[in-house]
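Please look over the sequence and the structure shown here before reading on. The paragraphs that follow lead through the model step by step.

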Amino acid sequence: MESGTLQEPVRCKSDPSPLTTIRAARQGEADLLREIHRRASYIWPDDRPNLDANPDIFGVDHTAITAGRVRVAVNTTGKILGFATWRPMGDDAELDDLFVEPKKMRLGIGSALVHDAAERAGEAG
């Protein structure tokens, strides 16, 4: 798999546009990412009371966006389908966030984001 792209486009009936690229998130996309985080988190009914009680947990770290550590998966129309955030941890790295639009889950988008995050972390040293 090439860095930042999928070998085969990911498609689903509700959105025939394939995922074509993974790129760095932009500062202006923080609100969109917060909403994806919220929608993806609410798929677990048992978690909803805790989520409702703690609405500030949603969102991304703006410094991670600036540092290029937030990666977004987009389709051919530019719609963001999911995102991942990684951070350096000494000589290693850790995946902080992995969220995909609920209707796009189980299509390989999360796997592609994890692979991309691992490649970026490896490149960063």
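**A walk through the model**

Helices (H or I, at least four residues) and strands (E, at least two) are DSSP runs, numbered from the N terminus. This is a predicted model, in which local features need pLDDT of at least 70 and side-chain atom pairs count only at pLDDT 80 or more, while totals for chains, interfaces and linings use all residues. Residues are numbered from 1 along each chain as its sequence is written, and side-chain values use heavy atoms, with hydrogens and water left out.

The buried residues of H4 are Ile-109, Gly-110, Ala-112, Leu-113, Asp-116, Ala-117 and Ala-121. Seen down the axis of H4, these buried residues fall within an arc of 165°, so they line one face of the helix; the arc is that of the directions from the helix axis to the C-beta atoms. The 16 residues of H4 (residues 109-124) should span 22 Å at 1.5 Å a residue, and the end C-alpha atoms are 22 Å apart, which agrees; the expected span is 1.5 Å times one less than the number of residues. After H4 comes Gly-125, whose phi is positive, near 100°.

Of the 125 residues in the protein chain, 40% are buried.

Strand S2 (residues 70-75) has six of its six residues buried, so it is largely enclosed by the rest of the structure. In a regular strand the side chains alternate between the two faces of the sheet. In S2 both faces are covered, with Val-70, Val-72 and Val-74 buried on one side and Arg-71, Ala-73 and Asn-75 buried on the other. S2 pairs with strand S3 (residues 80-89) in the antiparallel sense over five bridges, given that two strands pair if DSSP finds at least two bridges between them. Within this pairing, Arg-71 stands opposite Ala-84 in S3. The two strands S2 and S3 form a hairpin with four residues between them, and Gly-78 in the turn has a positive phi of about 90°.

Arg-71 also belongs to a network of salt bridges that links it with Asp-116, Arg-120 and Glu-123, a salt bridge being a side-chain nitrogen of Lys or Arg within 4 Å of a carboxyl oxygen of Asp or Glu. The whole structure contains 10 salt bridges. One of them joins the side chains of Arg-23 and Glu-29 (2.6 Å, N to O); Arg-23 counts as buried at 17% relative accessibility, and Glu-29 is buried with a relative accessible area of 9%. Arg-87 forms a salt bridge with Glu-94, the closest N and O atoms being 2.7 Å apart, and another with Asp-96, where the closest N and O atoms are 2.7 Å apart. Arg-87 is partly exposed, with a relative accessible area of 30%, while Glu-94 is partly exposed at 34% and Asp-96 is partly exposed at 37%.

Notes: Buried means under 20% relative accessible area, exposed over 50%, partly exposed in between (1.4 Å probe, protein chains only).
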